[in-house]
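Hi,

Here is the structure I promised to pass on.

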Amino acid sequence: QVQLVESGGGLVQPGGSLRVSCAASGSIFRVNTMGWYRQAPGKQRELVANITSGGSADYADSVKGRFTISRDNAENTVYLQMNSLKPEDTAVYYCNADLSFWQKIEGQNMMSLKDGNYWGQGTQVTVSS
């Protein structure tokens with residue numbers, strides 16, 4: 001019932017910029033914290049940045065000053081603007097969201113409110129000359 005769909009990855013030269021987007025859709029009641037994680041080959045998935053519904057953001061030390069996370073609450077969409085990209089930023093970038101959503105109660109003509117944490121399918125970002 002809930003989907004996170006990412007877009008905007010690709011190949012960029014060192015020093016370049018890229019913006020990735022992630023839109024949440026489905027029977028959503030409220031989206032709380034949204035974030036971006038990344039996973040490079042042979043490495044664990046790590047937090048890049050996250051942002052609360054009120055707009056408070058946190059960043060990994062490795063991207064501070066270069067990446068900016070933002071969101072459009074009306075569209076349930078989170079963005080990651082990546083500037084001054086480095087080869088070590090190469091990874092699959094995953095969107096994550098904590099949210100509340102409506103789920104039909106089986107056998108009844110009623111909906112219940114559920115909480116869940118969801119991941120997008122990932123988008124590849126490659127920084128290379």
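Asn-76 touches Cys-22, Ala-23, Ala-24, Ile-28, Val-31 and Met-34, leaving aside residues up to four places away in sequence; contact here means heavy atoms within 4.5 Å. Before you read on: this is a predicted model, where local features need pLDDT of at least 70 and side-chain atom pairs count only at pLDDT 80 or more, while totals for chains, interfaces and linings use all residues. Residues are numbered from 1 along each chain as its sequence is written, and side-chain values use heavy atoms, with hydrogens and water left out.

So where does Asn-76 sit? You'll find Asn-76 in the loop between β7 (67-72) and β8 (77-82); strands are DSSP runs of E, at least two residues, numbered from the N terminus. That hairpin has four residues between the strands, and Asn-76 takes a positive phi near 50° there. Asn-76 is partly exposed at 21% relative accessible area, which means it falls between buried (under 20%) and exposed (over 50%), using a 1.4 Å probe and protein chains only. Pro-14 is another story: 62 residues from Asn-76 in sequence, and 30 Å away in space, C-alpha to C-alpha.

Now for β8 itself. Five of the six residues in β8 are buried. β8 runs antiparallel to β7, with six bridges joining them, and Gln-81 in β8 is the bridge partner of Thr-68. Strand β3 (residues 18-26) is also antiparallel to β8, again through six bridges, and Ser-21 stands opposite Tyr-79. Two strands count as paired if DSSP finds at least two bridges between them.

Cheers
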